[in-house]
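Colleague: I have just opened this model and would like to learn how to read it. Could you walk me through a few of its features?

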Amino acid sequence: MADVHIRNVSKSFGEQVAVSGLDLHIADGEFVVLLGPTGAGKTTTLRLIAGLERPDAGTIHIGGHNATALSPAERDTAFVFQQYSLYPHLSVYDNLAFPLRSPARKMPEDQIRRRVEDVAKMVRIHHKLSNRSTKLSGGEMQRVAIGRALVRKPAIYLMDEPLSSLDAKLRGDLRLELKRIQAELGATMLYVTHDQIEAMTMADRIGILADGVLAQIGTPREIYSEPANLHVAARLGQPAINLLPVGLLPDGGAPAGTQTIGARTEHLSIDKAANGHADGIVDWVEHLGDQNHLHVTVGAKKLVTLTDPDTALEKGDKVTIRYRAPLYFGADGQRLM
Ligand SMILES: Nc1ncnc2c1ncn2[C@@H]1O[C@H](COP(=O)(O)OP(=O)(O)OP(=O)(O)O)[C@@H](O)[C@H]1O
Ligand SMILES: [Mg+2]
């Protein structure tokens, strides 16, 4: 495995800027997740590293060597595509074995068999090894695509939303499994998703991508508790962070220049109003099974927090609301403290 160093890389398609001034270092053996909405430039970033796109500016080093001008084959990356593509005329086994059978490798068939069987078990497709790849469900095809990347030991694995077409249970299982496999192999991995849970649970570091710009990179904990701006704050947390205008609620501690206060559940105390004063009214207590959401109307704003399943609050209750060390943002959306 190798480290990957992207310096000041930009890529446009005509007028459309896909990636702008990207600086990103992925250490050897590190698992970095790029999180961003649709069109943020995630796939383009992976394609630039794989050599499927050429940057307009900037350099890409893989394992200390300048790879900017190298062909995809010379870069030794393994790519799981967003639209996974298998060889339809081949069996699952032969799809998995394909990357190992390149003439340059000269790997003996018994060694290939061992590797394919190991990987097929990892991605839970070993019971379908002799199936034609077209005779699989979408989720099975996606697991074969992941397996086809994992049979090799490249400089870096590039994975583009590889779990997106799986059901919730399998996604949860494979998320843990992929993380375990990556740690075991000591693999360098750049993984792209718009699923915040995948990012939080798998990443050593999360990079938040917005409109082709890396807004912030840090450990999941840093990104969650110390977001650099409103955009990053809004990417993580379920329910989403409440962004409230300054002055809506008593906010004694707000620094000068605060325009927006960011408050997650842990930044708010909400109690049934006593002695006449109230800040808001309970709209709804929403029971989702694993989570319970409290919806409160405050003036013209609504806020949502987590609450206990057996909360005494109910629709129509008047409540007092106090901030507890929330996040403060200026007029430009940048975090003040
Ligand atoms: N080959 C291309 N030609 C023209 N525009 C492109 C091309 N590839 C990407 N783009 C544009 O570049 C921007 C970034 O695209 P990209 O595919 O990297 O986004 P993404 O973050 O992967 O989104 P998604 O989550 O939808 O997959 C988008 O505005 C997209 O329309
Ligand atoms: Mg994409």
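**Reading the model step by step**

Modeller: Let's start with one residue: Glu 177 is found in helix H6. Helices (H or I, at least four residues) and strands (E, at least two) are DSSP runs, numbered from the N terminus. This is a predicted model, in which local features need pLDDT of at least 70 and side-chain atom pairs count only at pLDDT 80 or more, while totals for chains, interfaces and linings use all residues. Residues are numbered from 1 along each chain as its sequence is written, chains are lettered from A and ligands numbered from 1 in the order in which they are written, and side-chain values use heavy atoms, with hydrogens and water left out.

Colleague: Is Glu 177 buried or exposed?

Modeller: Buried means under 20% relative accessible area, exposed over 50%, and partly exposed in between (1.4 Å probe, protein chains only). Glu 177 counts as buried because its relative accessibility is 14%.

Colleague: Which residues does Glu 177 touch?

Modeller: Contact means heavy atoms within 4.5 Å. Not counting residues up to four places away in sequence, Glu 177 touches Met 122 and Arg 124. Met 122 is one of the buried residues of H4, along with Ile 112, Arg 115, Val 116, Val 119 and Ala 120. Arg 124 follows H4 and has a positive phi, near 60°.

Colleague: How are the buried residues of H4 arranged around its axis?

Modeller: For this we take the arc of the directions from the helix axis to the C-beta atoms. The buried residues of H4 fall within an arc of 150°, so they line one face of the helix. They pack against H3, helix H5 (138-150) and helix H6 (168-185). The face turned away from that buried side carries the exposed residues Asp 110 and Arg 114.

Colleague: What span should helix H4 have?

Modeller: The expected span of a helix is 1.5 Å times one less than its number of residues. Helix H4 (residues 109-122) has 14 residues and should span 20 Å, which agrees with its end C-alpha atoms being 20 Å apart.

Colleague: At what angle do H5 and H6 pack?

Modeller: Axes are lines fitted to C-alpha atoms, for helices over the stretch in contact, and angles run from 0 to 180 degrees between N-to-C directions. H5 and H6 pack at about 0°, with their axes 13 Å apart. Angles under 35 degrees count as roughly parallel, over 145 as roughly antiparallel, 65 to 115 as roughly perpendicular and the rest as oblique. H5 and H6 are therefore roughly parallel to each other. Arg 143, Ile 146 and Leu 150 in H5 meet Leu 170, Leu 174, Leu 178 and Ile 181 in H6.

Colleague: Which residues coordinate the magnesium ion (ligand 2)?

Modeller: Donors are N, O and S atoms within 2.8 Å of the metal (3.2 Å for Na, K and Ca); water is not among the atoms, so sites may look incomplete. Here Thr 43 (OG1) and Gln 82 (OE1) coordinate the magnesium ion at 2.0 to 2.4 Å. This pair links distant parts of the chain, 39 residues apart: Thr 43 is in helix H1 (residues 42-50), and Gln 82 is in the loop between strand E6 (77-80) and helix H3 (92-97). Thr 43 counts as partly exposed at 26% relative accessibility, and Gln 82 counts as partly exposed at 32%.

Colleague: And the chain as a whole?

Modeller: Its secondary structure comes to 9 helices and 18 strands. Buried residues make up 49% of the 337 residues.
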